[in-house]
Amino acid sequence: MREDQREHYKQTDDRLAHLEGSHPHRQTSSATRGCTTQRRGASNVARRRRRRDACEEGNDVESRAGQFDHDAEDVTGARGKLSATAREVRADLKHMITTKFRHVCNVSEGKMWPSPDDERKNETTGEIYLTPNFEATVNDDHNRVIFKKIAHLVWEELGVSFTTLSDSLSNRKVKWNKQSLFMFAKDTYRGFKEEWKAQNDCEKAAAKNNNQQKNRWSQRRKEKADRLTTACPKYFELHGADPINIIHADHMSDEASGPEDDGESVDEWRIKMGREKGFPADTDMDGMVFMEVIKNPWRSQELGDIYHELFQLWKASLNTKQRKRFRTMRVEGTDRVLLHIPDYTPYNFGIDTEWLEENKNHPEYQAQLKEWGAWADPPGFGSAKNEECIAEGSSRQDREEVQPEDMGNTAGDESTDNGGAECH
């Protein structure tokens, strides 16, 4: 019955589209607003499609009738307006849809999306892999078949009886059903379409890779800042000055897990990193993971020394089990430099005065450096160091006991000089 109904809808849509093509005079334009009035028939098609989608929710089981309260939140609504519980359910369902989408298409993350004209088959099961048509719209019949297939498979995985659902998915204050899965499949298609566009556009592909790298580096800076923050109490105990206000993620140095885009291969870069760490030239570098610490040209040596000491204090606070988690070898002291001007203006003592003098009037940096040099040093640091520096004597000996060693894939900074700046 339902198949006959779908066929009837399709035939009606096709006939209506044919009739609209035979009557172009139905499209009118408004000279005052410069827009085109939508054809009445096209509006009818859209309404029919919405009604058809509503019908396709199916029976009470597929609509999960009685499984949620009348005032339950609909997970297909705007995410920003949902409660934390509803957002959790939404995220769980969308994750399942995304995973299933890639599975039925046999396109893992980072893999190129094939053409829908290419038939691909699972050699073991003989199953034909599905391929969306990204050149068409989200409402294209070919694509809708895929969305329905994915929604159905996820629905089956969840189980018709729903006796084993998690607490969040069975929450009566959150509404979702099989149609919700279909809508999420459409959303996932839209995201994959941008991925497909990037793969087929060199400039977009390069921009995507660059953006992903920026995100990774930004996350590493945040992790480093968090780790240094945990060492602030010990630093205060040693120096009588609290560094909490001078620790900012944007002021951390970046760390690269590969070479620059200058033609150097990954293998060549690994050999160079190994040489910097003192490994013999014939050492097998496979399996070794390096992080090359990139120098911040704007940052002063004093600020770098403080960050380095905080890193050593954080590292000394770890137990043996925690230390084993950090196997990446950080490589400092190379000539790799990257200018990253932070949005958060550093205190005066944290700025390399020579660099600032050379660049403060540079047309490209002038706006960003407008307030640089105007922030007085906090107590205990820079020009205000002697105001709060009360820990000298035995604390200096304690500092000398903290020995640098290689560990951590995201913490620390490029300075390898002795501890923090001394008080004078």
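Predicted model: local features only at pLDDT ≥ 70, side-chain atom pairs only at ≥ 80, totals over all residues.

Biologist: What describes a pair of aromatic rings?

Modeller: Two things: the distance of the centres and the angle of the planes. Take Trp-155 and Trp-176: their ring centres are 6.3 Å apart and the planes stand at 75°, so this pair is edge-to-face. The cut-off that matters here is over 60 degrees for edge-to-face.

Biologist: Where do Trp-155 and Trp-176 lie?

Modeller: Trp-155 is in helix α5 (residues 141-158), while Trp-176 is in the loop between β4 (174-175) and α6 (178-199), so the pair ties together parts that are 21 residues apart in sequence.

Biologist: Is Trp-155 buried or exposed? And what about Trp-176, buried or exposed?

Modeller: Buried means under 20% relative accessible area. Trp-155 has 3% relative accessibility, so Trp-155 counts as buried. Trp-176 comes out at 0%, so Trp-176 is buried too. For the chain of 424 residues, the buried share is 39%.

Biologist: Which residues form one aromatic cluster?

Modeller: Look for Phe-101, Trp-113, Phe-134, Phe-147, Phe-182, Tyr-189, Phe-192 and Trp-196.

Biologist: Which charged end sits over the ring of Trp-176?

Modeller: That of Arg-64, 4.1 Å from the ring centre. Elsewhere, the charged end of Arg-330 sits over the ring of Phe-311, 5.1 Å from its centre.

Biologist: Now the helices. At roughly what angle do the axes of α4 and α5 cross?

Modeller: The axes of α4 (residues 84-105) and α5 cross at roughly 120° and come within 9 Å. Angles of 65 to 115 degrees would count as roughly perpendicular and those over 145 as roughly antiparallel, so α4 is oblique to α5. The crossing is right-handed.

Biologist: Which residues make the contact?

Modeller: On α4 they are Leu-93, Met-96, Ile-97, Lys-100, Phe-101 and Val-104. The α5 side includes Ile-146, Phe-147, Ile-150 and Val-154. Phe-101 and Phe-147 are also members of the aromatic cluster.

Biologist: And the chain overall?

Modeller: The chain has 14 helices and seven strands. Among contacts between residues at least 6 apart in sequence, 75% join residues at least 24 apart.

Note on methods:
Residues numbered from 1 in each chain as written. Heavy atoms only, no water. Phe/Tyr/Trp six-rings, centres within 6.5 Å; stacked < 30°, edge-to-face > 60°. Helix = DSSP H or I, 4+ residues; strand = E, 2+ residues; numbered from the N terminus. Buried < 20%, exposed > 50% of the residue type's maximum accessible area, 1.4 Å probe, protein only. Lys NZ or Arg CZ within 6 Å of the ring centre and 35° of its normal. Axes fitted to C-alpha atoms, helices over the stretch in contact; angles between N-to-C directions. Parallel < 35°, antiparallel > 145°, perpendicular 65-115°, else oblique. Left-handed = near helix turned anticlockwise from the far one by under 90°. Contact = heavy atoms within 4.5 Å.
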